[in-house]
Amino acid sequence: MIESAWLGLGALVVGPFTEFSFMQRALAGCLALSLSAAPMGVFLMLRRMSLMGDAMAHGILPGAALGYLYAGLSLGAMTLGGIVAGVLVAVAAGLVARSTVLKEDTSMAAFYLLSLALGVLIVSTRGSNVDLLHVLFGTVLALNDDALILLGAITSFTLLSLAVLYRPLVMECLDPAFLRSVSRWSPVAHYGFLGLLVINLVAGFHALGTLMSVGLLVLPAAASRFWVREITPMLLLSSAIAMVGSASGLLISYHADLPTGPTIVLCLGVLYLLSLTFGRQGLLQLRSSRHHLKA
Amino acid sequence: MVAALSIDNVTLGYEQHPAVHHLSLRIEPGSLVAVMGPNGAGKSTLLKGLAGLLKPLEGQFDGLARQRVAYMPQLAQVDRSFPISVLNMVAMGLWHEVGALGGLNKSQRHRCIDALGVVGLGDFRERTLDTLSGGQFQRALFARLMLQDASVLLLDEPFAAVDERTTSELTAVLQGWHRAGKTVIAVLHDAELVHRHFEHALLIAREMIAWGSPADVLTPNNLLRARGLHEAFDDKASLCDAPQHVHSAAPAETVAS
């Protein structure tokens with residue numbers, strides 16, 4: 001009896017992936033994204049740039065949309081357009097924040113709104129509503145070979161780059177003035193990180209769409225912060241959380257016939273809320289620690 | 001070997017307004033120097049210049065190029081909520097050995113642990129940065145500075161926000177560096193501390209007031225003069241045409257070391 005229940009559960013979890021190749025592809029894409037986007041999210045959080053990540057994700061949209069306008073739903077054109085637009089937004093936002101009276105959050109919100117409006121407008125002039133949904137929410141269930149190769153390449157490149165940039169990047173977050181006083185790595189770390197951020201957002205854009213791609217960066221990172229105190233385990237845990245969240249999101253959306261991108265982000269959100277509540281530095285722990293030690 | 005450090009008619013400032021005006025002096029290798037002066041006297045600016053972070057508007061620093069200089073700013077811009085252990089933070093001081101890619105080997109790890117022991121943080125190495133008090137954090141910065149293994153150490157108000165006990169223990173650390181032959185230059189405000197523990201004092205107030213032993217420099221007369229010099233810069237100031245070496249030419253103000 002118990003055995004058959006386990007078998008049934010196993011079939012629910014494994015079945016969709018063994019049965020349908022589009023589910024296998026979606027899973028492979030999500031796991032690849034989780035490997036690189038989640039650690040990027042940890043650095044984004046530690047640099048207090050989560051909001052900027054969101055703005056940049058939207059900043060990608062007009063570029064991808066121009067690619068779409070030019071070549072239809074072409075992987076190459078939309079990727080290229082997205083990367084160019086993302087780099088432009090990163091540079092422009094930095095310039096505006098440094099040289100005007102506006103604080104960074106306001107200029108970010110301005111960029112974000114303009115980009116979203118412009119992107120939606122461009123896609124609507126030529127495409128159907130289906131295409132618009134594709135751009136806004138991604139097509140994780142329709143990843144073709146080329147898209148999978150692109151995601152895998154971006155993940156591999158990101159992980160290799162993070163391995164090289166790790167120490168300068170940690171120092172750039174922790175004590176930028178010190179890094180500048182001992183080496184010339186500071187700009188390499190800063191702009192290298194922004195570049196990696198752009199390509200990861202473009203990868204996320206193909207799978208989850210422009211509105212949801214930041215979810216895979218921000219939510220696992222925020223969740224892992226509640227469990228561990230040091231950055232190295234935080235990077236690993238955030239990847240694990242991203243994988244669990246995106247795989248369960250895929251399964252739930254399959255069984256309940258829900259849109260995949262939002263379901264994945266909601267699963268990540270549930271993991272975040274659980275961590276916020278039950279994590280070692282979460283709300284319950286803080287409340288119950290009213291009792292104190294002697295020393 | 002450590003070279004003498006000479007400051008040759010140096011003017012440092014921001015946007016052409018001098019914060020330190022025509023300063024000339026020579027600091028022998030291995031000296032323990034306290035830089036004193038009222039707020040706005042240009043003490044921090046002088047240290048930034050020595051650290052190579054600010055180019056002189058005029059004049060030059062000599063003897064710095066051949067030695068490693070370590071600089072501890074007044075308010076370290078460290079993000080103290082960053083999730084990292086004290087040991088790993090302090091290990092940043094070994095950058096000149098490990099660079100961006102190298103790992104810490106066993107002996108380097110031990111040197112980090114030793115440095116933490118010297119500043120009295122031996123039991124804190126696995127703790128994260130956010131659990132340290134202000135004084136403990138300052139001790140950690142001293143440990144990091146120590147690991148940089150520089151021959152010239154520049155400290156800008158290292159005791160600004162720490163209690164007496166921490167100050168006296170960290171002063172002992174400074175003296176240890178001095179005994180090891182390093183040139184130590186620290187901006188300080190506590191005249192009594194300077195009298196007791198320092199060989200040389202430099203009193204400035206946008207220009208040199210006096211330079212020599214603390215007893216000769218920190219006289220009531222000199223301190224009064226330092227206080228009297230005008231702080232703010234004048235937006236419409238005309239170009240400076242002071243003759244070069246004006247201050248080193250005035251022996252009454254300058255005590256050769």
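How many bridges join strand S1 of chain B to S2(B)? Seven bridges link strand S1 (residues 5-14) of chain B with S2(B), and the two run antiparallel. Before going further, please note that this is a predicted model, in which local features need pLDDT of at least 70, side-chain atom pairs count only at pLDDT 80 or more, and totals for chains, interfaces and linings use all residues. Residues are numbered from 1 along each chain as its sequence is written, while chains are lettered from A and ligands numbered from 1 in the order in which they are written.

**The sheet in chain B**

Strands (E, at least two residues) and helices (H or I, at least four) are DSSP runs, numbered from the N terminus. Two strands pair if DSSP finds at least two bridges between them. In general, strands of a sheet pair through backbone hydrogen bonds, either parallel or antiparallel. One bridge you can look for joins B:Leu5 to its partner B:Ile27 in S2(B).

Two residues are in contact if their C-beta atoms, placed from the backbone, lie within 7 Å.

Most residues other than glycine have a negative phi. What is the phi of B:His22? B:His22 has a positive phi of about 45° without being a glycine, and B:Glu157 also has a positive value, near 45°. B:His22 sits in strand S2 (residues 17-27) of chain B, whereas B:Glu157 is in the loop between strand S6 (152-156) and helix H6 (164-179) of chain B.

A residue is buried with 20 or more other C-beta atoms within 10 Å of its own, exposed with 12 or fewer, and partly exposed in between.

| Residue | C-beta neighbours inside 10 Å | Class |
|---|---|---|
| B:His22 | 21 neighbours | buried |
| B:Glu157 | 18 neighbours | partly exposed |

**Where the chains meet**

The contact takes 19 residues from chain A and 18 residues from chain B. On the side of chain A that touches chain B, H7(A) gives the most, with six residues.
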